[in-house]
Amino acid sequence: MSVKGMADILPEESWKWEKIRSLFLENARRFGYKLIETPIVEHADLFIRGIGDGTDIVDKQMYLFNDKKGKHLALRPEGTASAVRSFVEHKYNSELLHKWCYFGPMYRYERPQKGRMRQFHQAGIEAFGVDDPALDAEQIILARELLVGSFGIESVKILLNSIGCPACRPGWQVALVDYFRRYDRELCDNCRRRLDINPLRILDCKVQRCSEIAKDAPAGRNYLCGSCSAHHNKLKQYLSDMNIVFEDDPMLVRGLDYYTKTVFEITTDKLGSQSALIAGGRYNDLVKSLGGKDSPATGWAMGIERIFLLSDIKNASEKTVYFIALDEPSKIVLFKLFASAAKRRNCRFDYKGGSLKSQLRRANGAGAQICAIMGENERIADTLLIKDMKNKTQKLIKIDEFGETL
RNA sequence: GUGGGUAUAGCUCAGUUGGCAGAGCAUUGGAUUGUGGCUCCAAGGGUCGCGGGUUCAAAUCCCGCUAUCCACCCCA
């Protein structure tokens, strides 16, 4: 048995993974995002500092272990912290724009269900060095183009918000705590705890009474500083100008602590409670807090398992030539032809043999378009029988002509 | 971490008040000499999740365990 929450990607479906991966990379590349591969294992501290103490990911979902020297390590639960670590470690110039993308497995210890695995895959993009809301807009446009254009997923919803920056968020947080304290007794257990740890998260609570209370909570908008407010308005303007439909949702907050200003989510209603397909936002302070030179940054991540469940992409099948030998001496001759044809064409050799009927049956099952058949009659005359499976036509050709016939 | 469902052939699932283990699909073979798909016939394929208990007799009833799915929570 495989480990709980960790699934095989079987040969029958691996083509779809390859396709999703390559569509992601192609699209990202067109926007200038270059692939970065970082290790799956990092120092646990990187995620604790990056994602934040008090988040679910850090508190209960990390795969933690010590190596033989006692180093405290973790399987990565997400991609951004690693990318930032690499950006800092290799001293990329934060005066310049750097656009990176990644694709790979992530690990979170939680109960698996539809669209949620313990080993799951994310594709993501990150851009360092620019604080322009137009860049936020670009990333949302790319995200939407992937979902709708490349993966054929309809009816997605874009949710957008700004959660401010260190200059303005504290004021909002204080106001939120003040407000929610008045309803202390009515909030769910969880939210009462959040009051001390992360009051923003109460806005996101799905318990009915909590969300009723949250509806009238102080709106973050009223507390945004000039810079954050202008950033948010410009981003909305860019999206509107592109006719991108979005929902400006003051209740949207995210599960990771590093976000500043823009946060967004692209959701579907087709996957039950696992609604987020792509989520991300701006994290202008993360590079500095992980030891780098102050550098604005923004990015998102996409859940591949969820894309896989929803995407309707088709497998383009290559034409197949199926080789059938009817006796042992023919097999020897035909196998040589097969081995050389397989260098250039999609070929299958029927090793199981048996009657012509059963081999043709297998050829049909394998989806072959053409069969190359050799029995005693053909062999003696130095010929091959070429059968077109679709038109049900067949003709004898000389072995010498076989190469051109293909 | 909490709650619920499920576990029988490779797959999807039936299996009645406890009484010989089933179907469809798939696989393999055949339906007159070496011609596929459709149709027909036949065959192979089982630790009934695991371990206990009750009983003359358990896939079926009881207890425990495990796995898995779904939901909550949280997230992508």
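Tutor: What follows concerns the aromatic rings and the charged groups placed over them. The model is a predicted one, and it holds 21 aromatic pairs. One of them is formed by F24 and F103, whose ring centres are 6.4 Å apart. The planes of F24 and F103 stand at 45 degrees; because stacked pairs need planes under 30 degrees apart and edge-to-face pairs over 60, this pair is tilted. The two residues come from distant parts of the chain, 79 residues apart: F24 belongs to helix α1 (residues 11–30), whereas F103 belongs to strand β5 (residues 98–107). Both F24 and F103 are buried.

A further pair is made by Y258 and Y259, with ring centres 4.9 Å apart. Their planes meet at 55 degrees, so this pair, too, is classed as tilted. Y258 has a relative accessible area of 7% and is therefore buried, the limit for that class being under 20%. Y259 is likewise buried, at 5% relative accessibility.

Beyond these pairs, six residues form one aromatic cluster: F323, F335, F338, F349, Y351 and F402.

The charged end of K16 sits over the ring of F308, at 4.7 Å from the ring centre. In the other case, R118 lies over the face of Y109, and the distance to the ring centre is 3.8 Å.

Key. Residues numbered from 1 in each chain as written. Chains lettered and ligands numbered in written order. Predicted model: local features only at pLDDT ≥ 70, side-chain atom pairs only at ≥ 80, totals over all residues. Heavy atoms only, no water. Phe/Tyr/Trp six-rings, centres within 6.5 Å; stacked < 30°, edge-to-face > 60°. Helix = DSSP H or I, 4+ residues; strand = E, 2+ residues; numbered from the N terminus. Buried < 20%, exposed > 50% of the residue type's maximum accessible area, 1.4 Å probe, protein only. Lys NZ or Arg CZ within 6 Å of the ring centre and 35° of its normal.
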